[in-house]
Amino acid sequence: MYVCLCHGVTERQIREVAEAGCHSVSELTMRTGVGANCGSCLDTASEVLAQVHGARTVPLPLPVLSHAA
């Protein structure tokens with residue numbers, strides 16, 4: 001799906017850049033051009049970044065639960 005029509009940037013491209021280490025929308029704009037023209041794509045681009053980085057977090061083990069009962 002195209003996220004930024006002005007620069008022809010797809011969701012897949014945003015995910016690839018995020019997985020390569022991009023953590024902010026401003027950095028994403030520098031790397032891809034997303035949001036540099038009209039800005040209507042910034043909310044969606046931000047959501048995609050959050051999804052990529054949210055999915056990378058590893059849940060903390062909760063050893064307390066094994067002793068709870």
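Which residues is Arg-15 in contact with, leaving aside its neighbours within four places in sequence? Select Arg-15 in this predicted model; the residues in contact with Arg-15, beyond those neighbours, are Val-48, Gln-51 and Val-52. Arg-15 belongs to helix H1 and, at 26% relative accessibility, counts as partly exposed. A distance drawn between the C-alpha atoms of Arg-15 and Val-52 reads 6.5 Å, although 37 residues separate the two along the chain.

**The whole chain**

Four helices and two strands are present, and their order along the sequence is β-β-α-α-α-α. Of the 69 residues, 26% are buried. Among contacts with a separation of 6 or more, 52% join residues 24 or more positions apart.

**Helix H1**

Select residues 11-19, which form helix H1. Its buried residues are Ile-14, Val-17 and Ala-18. Viewed down the axis of H1, these buried residues fall within an arc of 100 degrees, so they line one face of the helix. An α-helix has 3.6 residues a turn, so residues three or four places apart point the same way. Just after H1, select Gly-21, where phi is positive, at about 120 degrees.

**Strand E2**

Move to Thr-10, which lies in strand E2, residues 9-10. Thr-10 has a relative accessible area of 18% and is therefore buried, the cut-off being under 20%. Apart from neighbours within four places in sequence, Thr-10 is in contact with Met-1, Tyr-2 and Val-3.

**The nonpolar core**

Now select Ile-14, Leu-28, Val-34 and Ala-45 together and show their side chains. These are the residues with the most contacts inside the largest nonpolar core, which has 14 residues. Strand E1 (2-4), H1 and helix H3 (42-55) each supply at least two residues of this core. The largest share, four residues, comes from H3. In soluble globular proteins, nonpolar side chains tend to be buried together.

Finally, centre the view on Val-34. Which residues surround Val-34 as contacts, leaving aside its neighbours within four places in sequence? Val-34 is in contact with Cys-4, Val-9, Ile-14, Leu-28, Thr-29, Cys-41, Leu-42 and Ala-45.

Conventions:
Residues numbered from 1 in each chain as written. Predicted model: local features only at pLDDT ≥ 70, side-chain atom pairs only at ≥ 80, totals over all residues. Heavy atoms only, no water. Buried < 20%, exposed > 50% of the residue type's maximum accessible area, 1.4 Å probe, protein only. Arc of directions from axis to C-beta. Core = buried A, V, L, I, M, F, W, Y, C linked by side-chain atoms within 4.5 Å. Contact = heavy atoms within 4.5 Å.
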